[in-house]
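Subject: Structure handover

Hello,

Here is the structure I said I would pass on.

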Amino acid sequence: MAEKRTKVKKNIYFRVGLGITLFFVVLMFVGLIYTPYDPNAMNSSEKFLAPCLSHPMGTDNFGRDIFSRVLKGISMTGLVAVSTVAIGGTIGTIIGALTGFYGGIVDEIVMRINDTLNGFPSILLALVIVSILGPGKYNVILALGILFIPSFARIVRSEYINYKNRDFVKSARLMGAGSLRIIFLHIFPNILPTLLVTITIGFNNAVLAEAGLSYLGIGIQPPDASLGSMLSDAQSYLFSAPWYAVMPGMTIVLFVLGFSLLSEGICSK
Amino acid sequence: MRIYMDYILEVRNLNVYYKSIGRSILSKPAKKQVLFDVSFDVRPGEILGIVGESGCGKSSLSKAILGMNKMYEGQIIHHSGKPQMIFQDPFSSLNPAWRIGRILEEPLILSGIRDKEERRKRVEDMLNKVGLDESYADRKPVALSGGQRQRVSIAAALIARPQLVIADEPLSALDVTIQSQIMDLMLELKRELGLTYLFVSHDIDVVYQMCDRIMVMKEGRIIELGDTLEMFANPKNEYTRSLIEG
Amino acid sequence: MKYIAKKLITLILTLFLISVLVFLIFQVIPGDPVLSILGTEATEEKIESLREELGLNASLPERYFDWLSGVMKGDLGRSYRYKENLNEQMAVSRLVAGKLPVTLTLAGMSLLFIIVLSIPIGILWGGTKHKWLDALLNVLAQFSMSVPSFFLGIIVIYFFGLIMKWFTPGGYVSYKEDFSGYIQYMIFPALTVALPKVAMTARFLRNSIINQLNADYVRTAYSKGAGRTRVLFLHVLKNAMIPVVTFIGVIAAEIAAGSIVVEQVFGLPGIGRLLVSSISTRDYPVVQALMLYIVSAVVIVYFLVDVLYRYIDPRVEE
Amino acid sequence: MLEIDNLTVEFGTKKVLDGVSLTAEKGKVLGIVGESGSGKTMTALAVMGLLSPDARVAEGSSIQLDGKELIGLPEKKLAAIRGNDIAMIFQEPMTSLNPTMRIGRQLEEALRLHGQKIPSKSWLREKVMEALKEACLPEPEKQYDRYPHELSGGMRQRVMIAMGTICRPDYLLCDEPTTALDVTTEKGILELINRIRTEHNMGIIFITHDLKLLRGFADKVAVMCKGKVVEQGSVEQIFNAPVEEYTRRLIASIPDRQHRRNVKAAGAEK
């Protein structure tokens, strides 16, 4: 095992990525229960304060503390992304596993549907679903969840096609193992590394998609805080209070960067 | 029907077909015939060699016998429990995500042995039988050499006590020195566990030493079948002679 | 040729599936279109006549084929919100026609930027021997892929617009009036859409080059006495470029997604912005038409890329 | 004369080659036999200067071609030698040719790299035709414009041999050229290599893991194991009077029919 550990140590991406990700995960949980100020409390006397000691990220046009709003935003975005990946991931993996393993007509049809959904740019499909169900965090989660099923299905399917003809699957069948046992017990552990990388990439896309929707005003609605909606408000005060846009923006960037470095670390391990 | 077990496997007028990949899901997939009216019997305890150049249908025959390819006409009558297979490529025949112990435990679980302790004991016993010590149980296939992996896949095939074992080119992926060790191992295990081998190979020398009887195949047909020594003494068929002189 | 015919069938099949999907989505929406046009106090027979006119009473398949034949002829139905004149609803096709060129220019220019920028960077990145350059480019790529397109847009506006004053933010100039001004303005949104994709494509090309460099034929080329640059440009590049073509096809969908958001940031009157506003005002015929346009365009790009892949890779059999 | 003297190559701390000393002569076949991982391919790559960047050639190693030291030569000079003075062919015919370049052009490249003056395009094409004919490729005109994937394994190996010998190098390194081929094609390739050796007085260094191949083919044989030359000598001396235990075991493992038969029969009585 020693040899493996040094490889991980040497792998900078993994360590930096893990560091940033853990930092944000902590912030996510902190944001749920505590924020230095009430994120919605307006304070006209402290409008457009530049980042200072009392307000590490400054205040916005209503005098609200940006840091508290960003904290709330991180936990909201994080929760949305996690639930999205959970929905899309599980359903997509099951569909991918079954179509990949069994193949045949069902596989053809599912693949055709997948191609069609692939045609929808990520934002567009979410836009449509949200326009039907109306904005709000639960609809965003559902919209993004559905959106992620095809990408998970496609990746898991190609893994299963790669493994299903391997000799160890044939020998398992000869020994009397049923198909389901082969799918989940024999093949599944082999695709975990790929699945893990897909999950981290999926998480990133979910964060970016949610922020995009909220920026367009049809994602998470006030009073729920979202980094995306903060950015759309901040755009009109770009000249007078640039930090109002930079702070939430950089938070998203670091959040996503952390995860992509982590996934880079995992797949090069 | 015979009352006493004269044959462990009977194959009668076997024609095997393959689906060539159809143009698309719409057009009917064209059927390509690979085996033509193959008939032979296998006696319990013998090693029947199946030899021929690549593409002569010997692998298709073993797949049909093992039920991996259902598209055939004719009869395949098994008089023994589930036949097992030893594969050619040691790198693909073991589940890379599992430890060796777990790989060897699977056939026992599938044959209904509930008691974990008994399974562990039989795994260790089998590892020793194939010349590996118990510590290999905790390793993953990636940590083993080609020869060691082939020993594990033989152990996996035999641990559930099959009677008929089909070895499809078990040696050709290994180095020469290791090949002879695996040959000795297979012979020893056959004697100890009273097995019957169907030994598929393209290498006439290997088949000569391992097999009691040899079946020579060419383009999906059996062109000669007989006792190894007689066949090598005076091969009846021209093609067999060219194989032997080599 | 047979391959292309087969691929054409799948394309038509997929387009058909898209139209069905798009149509069905908008049948399932709660709320009655007639009411949203006429408003709640409209009289009974006015509602009835409009319902009849829009053919809402017909059965589902009938309405579908009626809608589909309309689409074929370019009539995409009537918008709920926009009025042609006092009592007539604006035809969606006319509404869209005015805005389509803006989005097409945006997508086209960003695709151009992607190709022009990512290929040289990818070659430099894949071919370089220096470990530090490889690591530096990787961090830069990771960074630019993590920036959401709207935030990147804001940075571009702030930096190039407000500070460097290379363009006036929000100063969109229509192509009808001043074409060169239009293009000058469009450079910045196009760059915003393109940048993260440039990083992705460059990294994809880098990995493809490195894969090819490990191939056996490269070792054969060296054993013939070829030098490093000759091997890179004459042998490796062509093989490495083949998968990049499909990759660029794949990100076509993301270019469309990027343009929708970036049009919002830069205030461009493209179909992306129209789509967003129609969604928030629930103007479904417009949303339906735009979705059909965007998705069909993306799927057609997939088809073209697939055919191009067939053409440049001799190994791919019929 | 191609002399390899005390060649030692290290990957990080692991010694991949340890004091390898071999000599090859023009017109003669030097067979190098050993199991996978014995360093036989590494030796050939070292001679061609194609070792991977993280491999380190230790002090005191020397590879001399007719007295000229190759180790330490600048890349440019080495490139001039590769293909012209020493050529190499490889084991995997499937992947050793550029999949998207026509056969003719890949052969032309060998000439372009080393031919001082190329009078005309037709001279080039004609030279390539000549090489293809010499390698006994059926209908060379048709092969010229074909892509590698349109040829069989055996034909591709013939193209490789044509490519390696088109500039008439003094030495041809063959790294298990027939391992991936079936028996009949293998015989054809060995005959072709032999014919080229005699016609152009070319030195052949033939690397294989299959000792019985060298019996009627090589003049000298070197046995390698774990990066060392365990034994070397004339082919008769190696086959009939092997000194080292490892060589004896290698010979014993050649499926010698009678020997194995007895083992099986002996076992049966037990």
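Below is what was found, starting with one chain, then an interface, then some elements in the other chains.

Please keep in mind that this is a predicted model.

Chain A

Chain A has 10 helices and zero strands, so its pattern along the sequence is simply α-α-α-α-α-α-α-α-α-α. Its C-alpha atoms fill a box of roughly 75 × 50 × 30 Å along the principal axes. Of the 269 residues in chain A, 55% count as buried. Taking contacts in chain A between residues at least 6 apart in sequence, 71% join residues at least 24 apart.

The interface of chain C and chain A

Here 45 residues of chain C are in contact with 40 residues of chain A. The area buried between chain C and chain A comes to about 3700 Å², and carbon and sulfur atoms give 80% of that. Phe150(C), Phe151(C) and Ile279(C) supply 16% of the area that chain C buries against chain A, which is more than any other three residues.

Between the two chains the count is one salt bridge and six residue pairs in polar contact, with both residues at pLDDT 80 or more. On the chain C side, at least two residues each come from helix 1 (2-25), helix 6 (131-146), helix 7 (149-163), helix 11 (252-266), helix 12 (271-280) and helix 13 (284-312). Helix 1 of chain C gives the most to this side, with eight residues. By class, the side of chain C that touches chain A has 36 nonpolar, seven polar and two charged residues.

Glu264(A)

Which residues meet in the salt bridge? They are Glu264(A) and Arg203(C), whose side chains come to 2.6 Å, N to O. Glu264(A) is found in helix 10 (residues 242-268) of chain A. The side chain of Glu264(A) also makes a polar contact with the side chain of Gln142(C), at 2.7 Å. Leaving aside residues up to four places away in sequence, Glu264(A) touches Tyr13(A), Asn138(C), Gln142(C) and Arg203(C). Is Glu264(A) buried or exposed? Its relative accessibility is 15%, and it therefore counts as buried; the cut-off for buried is under 20%.

Strand 6 of chain B

All five of the five residues of strand 6 (residues 164-168) of chain B are buried, so this strand is largely enclosed by the rest of the structure. Leu164(B), Ile166(B) and Asp168(B) point one way from the strand, while Val165(B) and Ala167(B) point the other way, and all are buried.

Strand 6 of chain B pairs in the parallel sense with strand 5 (residues 84-86) of chain B, over three bridges. In that pairing, Val165(B) is the bridge partner of Gln84(B). Strand 6 of chain B also pairs in the parallel sense with strand 7 (residues 196-201) of chain B, over five bridges. There, Leu198(B) in strand 7 is the bridge partner of Ile166(B).

Helix 3 of chain D

Nine of the 12 residues of helix 3 (residues 103-114) of chain D are buried, so the helix is largely enclosed by the rest of the structure. The buried residues are Ile103(D), Gly104(D), Gln106(D), Leu107(D), Glu108(D), Glu109(D), Ala110(D), Leu111(D) and His114(D). What do they pack against? One element is helix 10 (228-250) of chain C, together with helix 2 (75-81), helix 4 (121-134), helix 5 (140-144) and helix 6 (153-165) of chain D.

Strand 10 of chain D

Five of the six residues of strand 10 (residues 220-225) of chain D are buried, so strand 10 of chain D is largely enclosed by the rest of the structure. Strand 10 of chain D pairs in the parallel sense with strand 3 (residues 29-33) of chain D, over four bridges, and Lys220(D) is the bridge partner of Leu30(D).

With strand 11 (residues 228-234) of chain D, strand 10 of chain D pairs in the antiparallel sense over six bridges. In strand 11, Gln232(D) is the bridge partner of Ala222(D). The hairpin of strand 10 and strand 11 of chain D has two residues between the strands, and Lys226(D) takes a positive phi near 50° in it.

Regards

How values were computed: Residues numbered from 1 in each chain as written. Chains lettered and ligands numbered in written order. Predicted model: local features only at pLDDT ≥ 70, side-chain atom pairs only at ≥ 80, totals over all residues. Heavy atoms only, no water. Contact = heavy atoms within 4.5 Å. Buried area = accessible area lost by both parts, 1.4 Å probe. Salt bridge = Lys/Arg side-chain N within 4 Å of Asp/Glu carboxyl O. Polar contact = N/O pair within 3.5 Å; in protein donor to acceptor, adjacent residues only side chain to side chain. Nonpolar A, V, L, I, M, F, W, Y, C, P; charged D, E, K, R; others polar. Buried < 20%, exposed > 50% of the residue type's maximum accessible area, 1.4 Å probe, protein only. Pairing = 2+ DSSP bridges.
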